[in-house]
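Student: Can you walk me through this one? I would like to start with the helices and then go to the packing.

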Amino acid sequence: VGWVITGFLLTFAIGIPLYGRVADVFSIRRAFTVGLLAFAAGSLLCALAPSLGMLVLGRIVQGAGGAAIPALSSVSVAKILPPGERGSALGLIVSSVGIGAAVGPILGGAVGALAGWHYLFVGTLILTTALIPAALYVLPDDSPEDTRGFDLPGGILLGLAAGLFLFGITRGQVSGFGSAGSWGSFAGSALAALGFSWRIRSAAEPFVSPTLFENRAYVAAVVVGYFCMLANVSALVFVPLLVSEPAREGVFDRHHRRRPRDDRCRDCF
């Protein structure tokens with residue numbers, strides 16, 4: 001069941017840098033449309049999923065498509081709007097993410113309780129289907145400014161570095177971080193990262209220019225953004241668990257009001 005979330009996050013994390021490079025080589029409109037189509041296809045698979053395996057597959061496809069949204073939304077604003085209007089548009093995007101994070105769990109829980117979890121994906125399918133023609137209409141089919149080719153080996157190595165690292169964490173939660181699956185994934189991630197570092201320095205048209213990492217302001221912004229997202233997502237995960245824990249303890253205490261507390265009580269297990 002954990003792979004319903006993990007499968008989405010894996011492909012989501014891998015796809016974000018890939019979409020950015022694809023938009024440089026082709027166009028924002030094409031890359032964004034392909035991402036929306038993949039997200040709609042994943043939503044359809046989830047809505048019709050007859051089993052857990054199909055649901056996980058649909059979530060993986062959703063993550064592969066949904067990665068286009070954070071990767072290209074800010075770039076789209078810069079392409080469409082003049083400099084004087086970009087700040088308010090980017091602020092609107094960020095505020096909508098916050099509103100969605102607050103309203104989404106409440107609305108999703110209500111829909112899941114009243115109609116069933118399949119209808120959650122029906123809703124995302126309808127919204128994504130409406131966004132596709134809007135994206136085709138609004139986004140420009142601009143000629144790419146960067147005419148270099150797409151460094152497929154570099155993109156694969158970057159994806160493996162991120163994906164194997166996340167997979168190692170997932171395996172560590174299940175089998176322990178001392179297990180062969182977890183350590184093997186971390187070792188594969190390190191090797192892929194070394195291969196990516198070598199590739200961008202030796203390829204004629206690298207996936208990422210190595211001079212980008214010489215920009216201290218850029219590197220600092222990436223580090224700050226990483227820790228901000230770490231704190232944000234950690235809060236989203238831990239707060240519901242912390243809120244529910246006192247309620248569970250209260251039930252345990254009420255159960256033992258009429259009899260001595262026994263940690264081996266069969267009813268409590």
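Student: Where does α5 bend, and by how much?

Tutor: α5 bends by about 35° at Val-103, and Pro-105 follows within four residues. The bend is the angle between axes fitted to the seven residues ending there and the seven starting there. Helices are DSSP runs (H or I, at least four residues), numbered from the N terminus.

Student: Is this predicted or experimental, and how are residues numbered?

Tutor: This is a predicted model, where local features need pLDDT of at least 70 and side-chain atom pairs count only at pLDDT 80 or more, while totals for chains, interfaces and linings use all residues. Residues are numbered from 1 along each chain as its sequence is written, and side-chain values use heavy atoms, without hydrogens and water.

Student: What comes just after α5?

Tutor: Gly-116, with a positive phi of about 115°.

Student: Now α7. Which of its residues are buried?

Tutor: Among them are Gly-154, Gly-155, Ala-161 and Thr-170. Buried means under 20% relative accessible area (1.4 Å probe, protein chains only).

Student: What do they pack against?

Tutor: The buried residues of α7 pack against α1 (3–25) and α8 (180–202).

Student: And the largest nonpolar core, how many residues does it have?

Tutor: It has 13, and Tyr-19, Phe-32 and Leu-72 have the most contacts inside it. Such a core is a set of buried Ala, Val, Leu, Ile, Met, Phe, Trp, Tyr and Cys residues joined through side-chain atoms within 4.5 Å.

Student: Which element gives the most to this core?

Tutor: α2, with four residues.

Key
Buried < 20%, exposed > 50% of the residue type's maximum accessible area, 1.4 Å probe, protein only. Helix = DSSP H or I, 4+ residues; strand = E, 2+ residues; numbered from the N terminus. Contact = heavy atoms within 4.5 Å.
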